[in-house]
Amino acid sequence: MDIAYLSRYLTEHKYPAFRTKQIIKGVIQDGCATYAEITTIPRALQEELTRDVPILPFAVVSVHTSHDGQAVKALLQLTDGGHMIETVLISPKPGMWSACISCQVGCAMGCAFCATGKLGLKRNLTTDEITSQVLFWRQYLKKQQIAGTFDNIVYMGMGEPFMNWKNVRESISILTDKTLFSFSNRGLSVSTSGVVPGIKDFADTCPQVNLAISLHFASDEKRTMYMPVNTGYDLSALREALQYYLSKNKRKIFIEYIMLKGINDTPEDARLLAQYVSSIGHMQLLHINLIRYNSIGENFIPSDRDTVKKFQSVMQKMHIPCTIRKSVGDDISGACGQLAGK
Ligand code: SF4
């Protein structure tokens, strides 16, 4: 919901200020999917808003649930221009829900193993299009009568958050505003492929929000080959940005490492990763997540489970916190790197 537009509309149509609060409570806090569900406002206003102020800036094309029920993926068609985006609701533990949201249609970063990267960048999402994905999941949980807490948002869907930073930063303000969505800052995580200026600004402006780095390669040669971002911001520039972040915030940084068979999972890759992470310093504030690659049906294959375990043991021997993250939603193409707007 475009909150600024709603407020302007109500003011221009001479409604008292308390109506804005009633509508925001109904739509954003209570998850009402239609104005008719907000019983505190008159029927005439319900009808007027239904006609003039859309609650969601997209149509829901499809919703698919994974076989284990731990992930739900929604395909959404934007009202403005008709592009498709995807968002995923994940249950990392029973009774806990987390939304993975998109910030761009497609992505310009071109990571070779990512379905979104194959699309190229179509356009940035507006602040409203970003926050409305969260609103959509609130409505969904209410409609499906799914109990549990929904207090985590991860910017890990389609797009690179720091390439649409103004709108992403505004969306963080709205999601954490106590009078609006009221998420805790600590319940939000922003994931970047390594856009250095964005990391520095994030360190200055969002000290309580979690940061995740999609590292995936610990040598410049390989990282440049598979992640073009590395040509602009190499591993040394990235290390310096992470050190800047840690000098400002004593918050844990999550380092994501997808494991691609024969490409970045050799003992030498493990040694390089341990060496790189150690060189950042503040080891107690760094945490590596190893993720078996989620196939998009192209040239890359997930590493064997044994290889992933051996990789983890190298990190553990170096006393680097490291977990193997279980993928959810891969059977509905809703896991990391699989979102392609279809
Ligand atoms: S991994 Fe992230 S940054 Fe890279 S192409 Fe995919 S969406 Fe963009």
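The notes below cover the domains, a pair of helices and the ligand surroundings.

This is a predicted model, in which local features need pLDDT of at least 70 and side-chain atom pairs count only at pLDDT 80 or more, while totals for chains, interfaces and linings use all residues. Residues are numbered from 1 along each chain as its sequence is written.

**Domains**
- The protein chain is split into domain 1 (3–52) and domain 2 (58–332), with bounds from an automatic or database domain assignment.
- Between the C-alpha centres of domain 1 and domain 2 there are 34 Å.
- Five residues from domain 1 and seven residues from domain 2 make the contact (C-beta atoms, placed from the backbone, within 7 Å).
- On the side of domain 1 that touches domain 2, four residues are nonpolar, one is polar and none is charged (Ala, Val, Leu, Ile, Met, Phe, Trp, Tyr, Cys and Pro count as nonpolar, Asp, Glu, Lys and Arg as charged, and the others, Gly among them, as polar).

**Helices α1 and α2**
- Helix α1 (residues 3–12) packs with helix α2 (residues 17–29) at an angle of about 145 degrees, their axes 9 Å apart (axes are lines fitted to C-alpha atoms over the stretch in contact, and angles run from 0 to 180 degrees between N-to-C directions); helices are DSSP runs (H or I, at least four residues), numbered from the N terminus.
- Ile3, Leu6, Ser7 and Leu10 of α1 meet Arg19, Thr20, Ile23 and Ile24 of α2.
- These contact residues comprise five nonpolar, two polar and one charged.

**Ligand surroundings**
- Around the ligand are 13 residues, of which Cys107, Met109, Cys111, Cys114 and Gly117 come nearest (near means a C-beta atom, placed from the backbone, within 6 Å).
- The shell around the ligand holds five nonpolar, seven polar and one charged residues.

Conventions:
Helix = DSSP H or I, 4+ residues; strand = E, 2+ residues; numbered from the N terminus. Contact = placed C-beta atoms within 7 Å.
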